[in-house]
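Hi,

Here is the structure I promised to pass on. Have a look at it first, and then read my notes below.

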Amino acid sequence: MILIKNAKQILTLEGAARKEGRRVLDQDLSVLSAHAILIEKNKIKWIGPQQKIPKPFFKKIKKEISAKNKIIMPTFVECHTHTVFAGERYTEFEMRNTGVSYQEIASRGGGILSTRKAIVEIPKVDLLKLTQKRVDQFTRQGVATIEIKSGYGLDLENEIKCLEVMKKLKGANIIKTFLGAHAIPKEFGNGKEYLDFLTEFVFPEVKKKKLAERVDIFIEKGFFSKEEGRQYLRRAQKLGFDLVVHADQLSLSGGTDLAVELGALSADHIIQIQDKEIKKLANSNVTGVLLPLADLYMKCAYPPARKLIDAGARVAISTDFNPGSSPSQDIQLTGLLARLEMKMTLPEVIVAYTLGAAYALNRQSLEGSLEVGKKAQMLFLEDSYRGLFYSSTETCVTHRFFEDRLEKLDK
Ligand code: NIG
Ligand code: FE
């Protein structure tokens, strides 16, 4: 057993977990002082007053780690990223910045389709190297679990290539999502034809090789309609995939409604939703994933986080890291935007980036809070947890405890 002692505070987030991540208040961070944590086989075995470690456990302690008066909290969960990509989209950025819309660029064969060219060309080993570097960039900031979507291959061979790269990544728990339905490749006449191809030829391969546990689709004008999405996701659900939806990002296209209707794990982006959708989402078990960094880059509105939270919805936040709408992996800036632009309180942001995001990945029984039986994945912070999501250049996160090892994070 490993003993972690001498923490100034431990944020267990137990209160937030009891409320399933909804209507989080300051006290739901559940801050303990003078407490210690016992870890056995990667899991939390006991949390209690440092002076009262039960005798039978005491004897089994093999290693002691002093938290040296630091603050302990759960690791971050990145629940929405497109980390496997090649190339860049510099010119597109400049175009968007001078007034050409994302959809217009896409309809001219740019955007997602231009990243596809880079994916087709890059050898798998090089793609793995690029992607591993990005994973390291996340873990250095205190992330332990990263969801990654395919979606730049857009054919059998290249979608599989991207998913296989994900399987080889190290240093974090990688959750793999099949997002073949990200854009319509030009060899298909329309969305329906392409989705039929995906369900007939790609789903079985992905399933057989266990390359993804989730299926996502981009429901948007110029991409896939709600009706196409319904049929596609139902097929995915039948095969046992969890569902996720890129919903109502650029226009109100019905993605959130569909996510609720089908019992998806999350509805992501949800910028354009109105009171009706907010109510539906709040009354459902679907987590609303907010991606403010993409909203900053896209210069669009931010999702109605306050209304969602006040209505009782559970929300998560994430970077949406991708080469087009969010070419940044900055966790602190993402949380900072949630505070500044979406008016979320610091405890709400902390819970959204841990427990809320764990729910979005259906990993709430494994992580997201520090409780007996959950994974021993934690961060050490110096000074105060109030230093989180405050500066975009400084961080108070100094160490990550992951797979029974304490790592010092470089700044
Ligand atoms: O989440 N909205 C669709 N997909 C991504 C953007 C992907 C890209 O532009 O490469 C997003 O914003
Ligand atoms: Fe995305």
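First, a term: helices (H or I, at least four residues) and strands (E, at least two) are DSSP runs, numbered from the N terminus. On that basis the chain has 15 helices and 18 strands. Its radius of gyration, taken over C-alpha atoms, is 21 Å, close to the 22 Å from the globule rule for 411 residues, so the chain is as compact as a globular protein of that length. (That rule is 2.2 Å times the number of residues to the power 0.38.) The C-alpha trace spans about 70 × 45 × 40 Å along its principal axes.

Before you go further: this is a predicted model, where local features need pLDDT of at least 70 and side-chain atom pairs count only at pLDDT 80 or more, while totals for chains, interfaces and linings use all residues. Residues are numbered from 1 along each chain as its sequence is written, chains are lettered from A and ligands numbered from 1 in the order in which they are written, and side-chain values use heavy atoms, with hydrogens and water left out.

Now the inside. Buried means under 20% relative accessible area, exposed over 50% and partly exposed in between (1.4 Å probe, protein chains only); 61% of the 411 residues count as buried. With a contact defined as heavy atoms within 4.5 Å, residues 24 or more positions apart account for 72% of the contacts with a separation of 6 or more.

Next, the aromatics. Rings of Phe, Tyr and Trp (its six-membered ring) pair if their centres lie within 6.5 Å; planes under 30 degrees apart count as stacked, over 60 as edge-to-face and the rest as tilted. That rule gives 15 aromatic pairs. In one of them, phenylalanine 188 and tyrosine 194 have ring centres 5.1 Å apart and planes at 55 degrees, so the pair is tilted. Phenylalanine 188 also forms a tilted pair with phenylalanine 197, at 5.2 Å centre to centre and 40 degrees between the planes. Phenylalanine 188 and tyrosine 194 are both buried, and phenylalanine 197 is buried too. Phe188, Tyr194, Phe197, Phe201 and Phe224 form one aromatic cluster.

At 2% relative accessibility, leucine 243 counts as buried. Leaving out residues up to four places away in sequence, its contacts include Val215, Leu233, Leu262 and Ser266. The C-alpha atoms of leucine 243 and serine 266 are separated by 7.5 Å, with the two residues 23 apart along the chain.

Cheers
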